[in-house]
Amino acid sequence: MTARKPAQRLADFLPYQLSVASNAVSTRIAEQYRKRFALKTTEWRIMAVLGDSGPTTQRELSQATLMDKVPVNRACKTLESRGLAQRKPNAKDGRSHLLELTAEGRAVHAGIMPLARKIEAELFSVLSDEERVQMRDMLARLRENAGEFDAESLAD
């Protein structure tokens, strides 16, 4: 058995394959919440983190999503202007604010999650239950091995 040669083409480069697969899955899901809820991917990701974590600073949102602070800031402003999120003072740090979902934002979040889970099930139906567990484990290990990032370093 011969040893496999390193990728010689971009299409064979595993990080590229992960990125393309991630974009395809995200785009598939984004089509639905853009049509039904008029949300862009960045806005939905912010809502998902807020729905999971509760009140969060924009810096923490950048860290959680590994997105640059500029699109995070833009998404937060959009969510606020639509009445889906609101700012409140951060008692732990007077220099920042916490963003949290409003009642309307929580209702939209609750409406999207079942849709997202349904699409997830459709997309991953090509994998067995065991493969899905293995994939989650492998992705978690890859993410951990990639290291930590400061929100300031996430700019393109």
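Which residues does Tyr 33 touch, not counting residues up to four places away in sequence? Tyr 33 touches Ala 38, Leu 39, Lys 40, Thr 41, Trp 44 and Ile 112. Contact means heavy atoms within 4.5 Å.

The model is predicted: local features need pLDDT of at least 70, side-chain atom pairs count only at pLDDT 80 or more, and totals for chains, interfaces and linings use all residues. Residues are numbered from 1 along each chain as its sequence is written, and side-chain values use heavy atoms, with hydrogens and water left out.

The structure holds one aromatic pair. Tyr 33 and Trp 44 form this pair, which is tilted, with 5.7 Å centre to centre and 45° between the planes. The pair links distant parts of the chain: Tyr 33 belongs to helix H1 (residues 14–37) and Trp 44 to helix H2 (residues 41–53), 11 residues apart. Rings of Phe, Tyr and Trp (its six-membered ring) pair if their centres lie within 6.5 Å; planes under 30 degrees apart count as stacked, over 60 as edge-to-face and the rest as tilted. Helices (H or I, at least four residues) and strands (E, at least two) are DSSP runs, numbered from the N terminus.

Tyr 33 and Trp 44 are both buried. Trp 44 counts as buried because its relative accessibility is 8%; buried means under 20% relative accessible area, exposed over 50%, and partly exposed in between (1.4 Å probe, protein chains only). Leaving aside neighbours within four places in sequence, Trp 44 is in contact with Tyr 33, His 109, Ile 112 and Met 113.

The largest nonpolar core has 26 residues, of which Tyr 33, Leu 39, Ile 46, Met 47 and Leu 61 touch the most other members. H1, H2, helix H4 (69–81), E2 and helix H5 (103–123) each supply at least two residues of this core. The largest share, six residues, comes from H2. A nonpolar core is a set of buried Ala, Val, Leu, Ile, Met, Phe, Trp, Tyr and Cys residues joined through side-chain atoms within 4.5 Å.

Ala 85 lies in strand E1 (residues 85–89), and Glu 100 in strand E2 (residues 97–101). Ala 85 counts as buried because its relative accessibility is 4%. Glu 100 is buried too, with a relative accessible area of 18%. Neighbours within four places aside, the contacts of Ala 85 include Leu 79, Leu 99 and Glu 100. Those of Glu 100, on that basis, are Leu 50, Pro 55, Leu 84, Ala 85, Gln 86 and Lys 88. The C-alpha atoms of Ala 85 and Met 47 are separated by 8.1 Å, and the two residues are 38 residues apart along the chain.

The largest pocket has a volume of about 2000 Å³. Of its 38 lining residues, Ser 22, Val 25, Ser 26, Arg 45 and Leu 139 are the closest to its centre. H1 gives the most to the lining, with 12 residues. On a 1 Å grid over the protein atoms alone, a pocket is an open set of points where a 1.4 Å probe fits, with protein on both sides within 12 Å along at least five of seven lines; lining residues have an atom within 4 Å of a point. Grid points are joined across faces, edges and corners, and a volume is the space filled by probe spheres set on the points.
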